[in-house]
Amino acid sequence: MFAAVAVVASSVGQADAAQCGSGPAGFEAWKREFAEEARAKGIGATAVGALMQANYASATIAADRGQRSFGLSLDQFLAKRGASTIVARGRSLKRSQAALFASIEQRYGVPPGPLIAIWGMETGFGSQRGNQNMLSSIATLAYDCRRPEFFTDQLYAALKLIDRGALSAGTRGSMHGEIGQTQFMPKNVLEYGTGNLDIAANALSSTANFFKAHGWRAGAGYQPGEPNFAVIEAWNAAQVYQTAIALMGRQIDGGDVGER
């Protein structure tokens, strides 16, 4: 659940969507109002129908209020997230999937290390992709007053993907609506997705596509202070996460496992 969801600051207003709320009581009325606005913006009947099936996601609200791991020290964060295991398995996957990673690097200029580190960090290499209803999670956060503007954009993206048949009312994801093996938010799926993100090759290619679109320079470094570190910052705003990805990526790409 560490995907790029953290990239914006909290907001208490919502410029062009239904009135936000702070609990489940107003959610059904909010859905009806939002559905009318969505229809006016060209969202089709299938997606609007899916929205009307969405439930208030109390677990998502609890998770959104309790992201304590981003406050840990780097050493604590690495230990909590199992960095040594990610690096060890990541090195093995880099060898066994060498052709895939060579193809991705040739196309996007992104080496295996940071992609594999994100894959391991986000979903344990695809083993923990989340079991929350994606649309309910995102609709709840679009309704919630903490940062509705960001999640309203995500909700419209999710509805467009449902209209296109790329997602459905039953699509499952993590607590904030992230989906796939590297945990993309719907707006990023629209902009950078290269296929079904439950398939590892597509998810990794999509992540590399995100990196390239955000200014990744082939051959340049990606540690703090180096040119490509800003792209890792664009992926997730939490400093401890950024540093962990850079560190694990370097170790996977051939740096000393004990190196800092």
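**Aromatics**

I began with the rings and got 16 aromatic pairs in the structure. This is a predicted model, so I keep that in mind throughout.

Why are Phe 27 and Trp 30 about one helical turn apart? I checked their positions: both belong to helix H1, which covers residues 27–40, and they are 3 residues apart there, so about one turn separates them. I also looked at burial, and both Phe 27 and Trp 30 come out buried.

Next I asked which residues form one aromatic cluster. I wrote down Phe 184, Tyr 192, Phe 210, Phe 211, Trp 216, Tyr 222 and Trp 235.

I then went through the phi angles. Most residues other than glycine have a negative phi, so I flagged the exceptions I came across.

Phe 125 is one of them: its phi is positive, about 60°, and it is not a glycine. I found Phe 125 in the loop that runs between helix H7 (112–123) and strand S1 (132–133). Is Phe 125 buried or exposed? Its relative accessibility is 11%, and the cut-off for buried is under 20%, so I put Phe 125 down as buried.

Gln 183 is another entry, with a positive phi near 65°, again in a residue other than glycine. I placed Gln 183 in the loop between strand S2 (172–173) and helix H10 (186–192). Its relative accessible area is 1%, so I logged Gln 183 as buried too.

**The whole chain**

Finally I stepped back to the overall fold. I counted 13 helices and 2 strands in the protein chain. How does the radius of gyration fit a compact globule? For 260 residues I would expect a value near 18 Å, and the chain has 19 Å, which agrees. I got spans of about 55 × 35 × 30 Å for the C-alpha trace along its principal axes.

On burial, 52% of the 260 residues count as buried. The accessible surface comes to about 11000 Å², and carbon and sulfur atoms account for 48% of that.

For contacts, I took those between residues at least 6 apart in sequence, and 70% of them join residues at least 24 apart.

Definitions and conventions: Residues numbered from 1 in each chain as written. Predicted model: local features only at pLDDT ≥ 70, side-chain atom pairs only at ≥ 80, totals over all residues. Heavy atoms only, no water. Helix = DSSP H or I, 4+ residues; strand = E, 2+ residues; numbered from the N terminus. Rg over C-alpha atoms; globule rule 2.2 N^0.38 Å. Buried < 20%, exposed > 50% of the residue type's maximum accessible area, 1.4 Å probe, protein only. Contact = heavy atoms within 4.5 Å. Areas by Shrake-Rupley, 256 points an atom, 1.4 Å probe, with all protein chains shown as cover. Phe/Tyr/Trp six-rings, centres within 6.5 Å; stacked < 30°, edge-to-face > 60°.
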